[in-house]
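Here are my notes on the model you sent.

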Amino acid sequence: MFTALSEQLAAVLKGLTRRGVLSESDVTEALREIRRHLLEADVSFEVTRGFVERVRERAVGALLVKSVSPGQQVVKLVHDEIAGLLGGSRRGLDFACVGPTVILLVGLQGSGKTTTAAKLARRLKLEQKAPGLVAADPYRPAAREQLEQLGKQIDVPVFGVGDGAVGAQHATPLHVPDLVRNALREAESARCRTVIVDTAGRLQIDAALMDELRALKAAVTPREVLLVADGMTGQDAVKIARGFHDGVGLTGVILTKLDGDTRGGAALSIHGVTGVPVKYVGVGEKTDALEPFDPVRMAGRILGQGDVVALVEKAAATVDAKAADRLAQKARSKRGMDLQDFLAALKQMQAMGPMKQVLGLLPGVNAKALQAIPADDKRLKHVEAIVLSMTPAERADPSILSGSRKLRIANGAGRPVQEVNRLLEQFQQMRKLMKRM
């Protein structure tokens, strides 16, 4: 996410930090460039104008301070203002002290509400919040079935309308607030501490949708009303957020599809236009691809400063610490690691997510550098296929691999023999390096 914007802003700020002395005209020229890049990234005009004016006002005063490099001061100002645009500080969910916490997910059709409901439930389950899901969309065909399938994947119960109450033809006799109230009673009996309600959407904001959501909100008094907005829609997402906020009163936003080719304007504009914080972002299709949104850390990512905290959190959540410790000890031993250990390390690395996404969290790896890194996830799959095509004896002692064995392994993995040889060379180099550490 923010790939193009990150590259452009980093280039502008790098030009400032290279200069020993900055004049007011230098800052004005840089801010003109930043303003153009923000507008190209689909950030709203009013938000961009306010951002540039605030940075200019603070930068003029910062130029008078001689103890710190003026370029670094401007970078810090831009970082702080971007963090302010994104909400200032991280805002988590508000949980009820007594009884289940009801979270209402609202949004238009196609924004990813149902998938996001499952992602949020999985995260809450890991946080020991005992979540339950409620299917509150009786109009879209197979909406409940989709939620039930996702619920089975993450082992979270699903409550809601019965099988006979699906389809637009049933819209008149069904009263959604009553259905959700019944589902909430079931969830409470099942000892759910949080209940996520997947509401119906429309192709556009209309009076019928708002009336239904207002009635539902009045009936179940949710603690959170979260808009699920498609980050790929740019300024349309901001208009949708404003419409839902005016209609039902939002407490937060979840932006989806930020792993795609999005310019990031929606994330940078929503809080500034509506005052509603972005609480989570979806960064993939899998049920674990939902991240808490931290404005300060996201500002660092946008400016190419990385996010080491997110990298550590990702590693802590996916890497088996005991297995990693055993692997490190074996790598430093006299015998060294073998290909079976290499395969185990590879799988742990794959569990952290797409390689470029992980590398993007490292400081100094900006968007341009990231594009130049040959981190192809398919290549990792090819390596895994080659190692899995070996026998246990071959993985334990690669020196026994003759030409005929390599040919058999290549055929088994569906890769050329040259790739097998390249992998073995790289493995031997890594083995020597690990022994020296």
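**Notes on the model**

1. The lining of the largest cavity is made up, by class, of four nonpolar residues, three charged residues and no polar ones. The model is a predicted one, and the comments below should be read with that in mind.

2. The residues that line this largest cavity are A135, A136, D137, A143, R144, L147 and D198. Two elements, β2 (131-136) and α6 (143-154), each give two or more residues to the lining. The biggest share comes from α6, which supplies three residues.

3. On volume, the largest cavity holds about 30 Å³ of space. The structure has one cavity of 30 Å³ or more.

4. For the protein overall, there are 20 helices and eight strands. Of its 437 residues, 48% are buried. The accessible surface is about 21,100 Å², and carbon and sulfur atoms account for 53% of that surface.

5. On contacts across the sequence: counting contacts with a separation of 6 or more, 75% are between residues 24 or more positions apart.

6. Is K279 buried or exposed? K279 has a relative accessible area of 6%, and the cut-off for buried is under 20%, so K279 is buried. This lysine sits in strand β7, which covers residues 278-282.

7. What does the side chain of K279 make a polar contact with? The partner is the side chain of E224, at 2.9 Å. A polar atom of the K279 side chain also lies 3.1 Å from the backbone oxygen of G92.

8. Setting aside residues up to four places away in sequence, K279 touches R91, G92, L93, E224, L226, T251, G252, V253, E291, P292 and F293. Both G92 and E224, named in the previous point, are therefore on this contact list as well.

9. F244 belongs to helix α9, residues 235-248. Its relative accessibility is 0%, so F244 counts as buried.

10. Which residues is F244 in contact with, leaving aside its neighbours within four places in sequence? They are V106, G107, L108, I205, L209, M210, L213, L227, G249 and L250.

Definitions and conventions
Residues are numbered from 1 along each chain as its sequence is written. This is a predicted model: local features need pLDDT of at least 70, side-chain atom pairs count only at pLDDT 80 or more; totals for chains, interfaces and linings use all residues. Side-chain values use heavy atoms; hydrogens and water are left out. On a 1 Å grid over the protein atoms alone, a cavity is a set of points where a 1.4 Å probe fits but cannot get out, and a pocket is an open set with protein on both sides within 12 Å along at least five of seven lines; lining residues have an atom within 4 Å of a point. Grid points are joined across faces, edges and corners, and a volume is the space filled by probe spheres set on the points. Helices (H or I, at least four residues) and strands (E, at least two) are DSSP runs, numbered from the N terminus. Ala, Val, Leu, Ile, Met, Phe, Trp, Tyr, Cys and Pro count as nonpolar, Asp, Glu, Lys and Arg as charged, and the others, Gly among them, as polar. Buried means under 20% relative accessible area, exposed over 50%, partly exposed in between (1.4 Å probe, protein chains only). Contact means heavy atoms within 4.5 Å. Accessible areas come from the Shrake-Rupley method with a 1.4 Å probe; for residues, only the protein chains shown count as cover. A polar contact is a pair of N or O atoms within 3.5 Å; within protein, one must be able to donate a hydrogen and the other to accept it, and residues adjacent in sequence count only if both atoms are side-chain atoms.
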